[in-house]
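Subject: A structure for you to look at

Hello,

Here is the structure I promised to pass on to you. Please open it beside this email, and then read on for what turned up in it.

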Amino acid sequence: MLLSGTTFTMLVVLAGCGFGGDGPAGNPGGAATAVSISNNAFTPSSVTIAAGATVRWTWVSGAANHNVTFDDGPASFTQNNGTFSRTFADAGTYGYQCTIHGPAMSGTVVVQ
Ligand SMILES: [Cu+2]
């Protein structure tokens with residue numbers, strides 16, 4: 001067999017371009033910092049990540065409807081399960097909240 005013993009090298013293509021994350025699209029690849037959404041709160045409410053990293057919010061199944069809406073624009077759907085991811089290319093402090101529950105249900109992503 002010609003192919004036996006052939007080692008294929010897997011090329012791992014890192015999604016390093018870190019586009020701004022406009023809308024509820026997921027982000028491919030890489031480990032994301034996790035935030036859970038339950039009990040009308042984001043846990044943890046503040047996360048600190050490196051530039052180019054991704055944060056992924058997970059709605060705990062059965063929770064009430066919530067959304068993740070950033071002060072600078074990007075937002076998730078309003079939903080009661082599923083996930084939302086955003087990749088942060090630039091350093092800064094990004095505030096967000098659930099527009100249904102307002103400032104009482106808010107969080108911050110600090111990008112260093
Ligand atoms: Cu909410």
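Serine 45 touches Tyr96, Ser106, Gly107 and Thr108, leaving out residues up to four places away in sequence; a contact here means heavy atoms within 4.5 Å. Before we go on, please keep in mind that this is a predicted model, in which local features need pLDDT of at least 70 and side-chain atom pairs count only at pLDDT 80 or more, while totals for chains, interfaces and linings use all residues. Residues are numbered from 1 along each chain as its sequence is written, and side-chain values use heavy atoms, with hydrogens and water left out.

Back to serine 45: you will find this residue in the loop between β2 and β3 (46–49). Strands are DSSP runs of E with at least two residues, helices are runs of H or I with at least four, and both are numbered from the N terminus. Although serine 45 and tyrosine 96 are 51 residues apart along the chain, their C-alpha atoms are separated by 9.7 Å.

Is serine 45 buried, partly exposed or exposed? Its relative accessible area is 38%, so serine 45 counts as partly exposed. The cut-offs are under 20% for buried and over 50% for exposed, with partly exposed in between (1.4 Å probe, protein chains only).

Now compare valine 109, which sits in strand β8 (residues 102–111). Valine 109 counts as buried because its relative accessibility is 1%. Beyond its neighbours within four places in sequence, valine 109 is in contact with a list of residues including Val47, Val55, Trp57, Phe70, Phe88 and Tyr96.

Next, the metal site. Which residues coordinate the copper ion? They are His66 (ND1), Cys98 (SG), His101 (ND1) and Met105 (SD), at 2.0 to 2.6 Å. Donors are N, O and S atoms within 2.8 Å of the metal (3.2 Å for Na, K and Ca), and water is not among the atoms, so sites may look incomplete. The angles among the 4 donor atoms run from 86 to 132°, and the site is tetrahedral (for four donors, that needs all angles between 85 and 135 degrees). Along the sequence, the donor residues follow the spacing H-x31-C-x2-H-x3-M. Both cysteine 98 and methionine 105 are buried.

Now for the strands. The chain has 0 helices and 8 strands. Four of them form an open sheet in the order β2-β1-β4-β6, with mixed pairing. Its edge strands are β2 (41–43) and β6 (82–87), each pairing on one side only. Two strands pair if DSSP finds at least two bridges between them.

Strand β1 (residues 32–38) runs parallel to strand β4 (residues 54–59), and 6 bridges join them. Valine 35 has tryptophan 57 of β4 as its bridge partner, and serine 36 stands opposite threonine 58 in β4. On to the next pair: β4 and β6 run antiparallel and are joined by 6 bridges. There, arginine 56 stands opposite serine 85 in β6.

Finally, the chain as a whole: buried residues make up 32% of its 112 residues.

Enjoy exploring!

Best wishes

Technical notes: Tetrahedral: all angles 85-135°; square planar, octahedral: opposite > 155°, others 65-115°.
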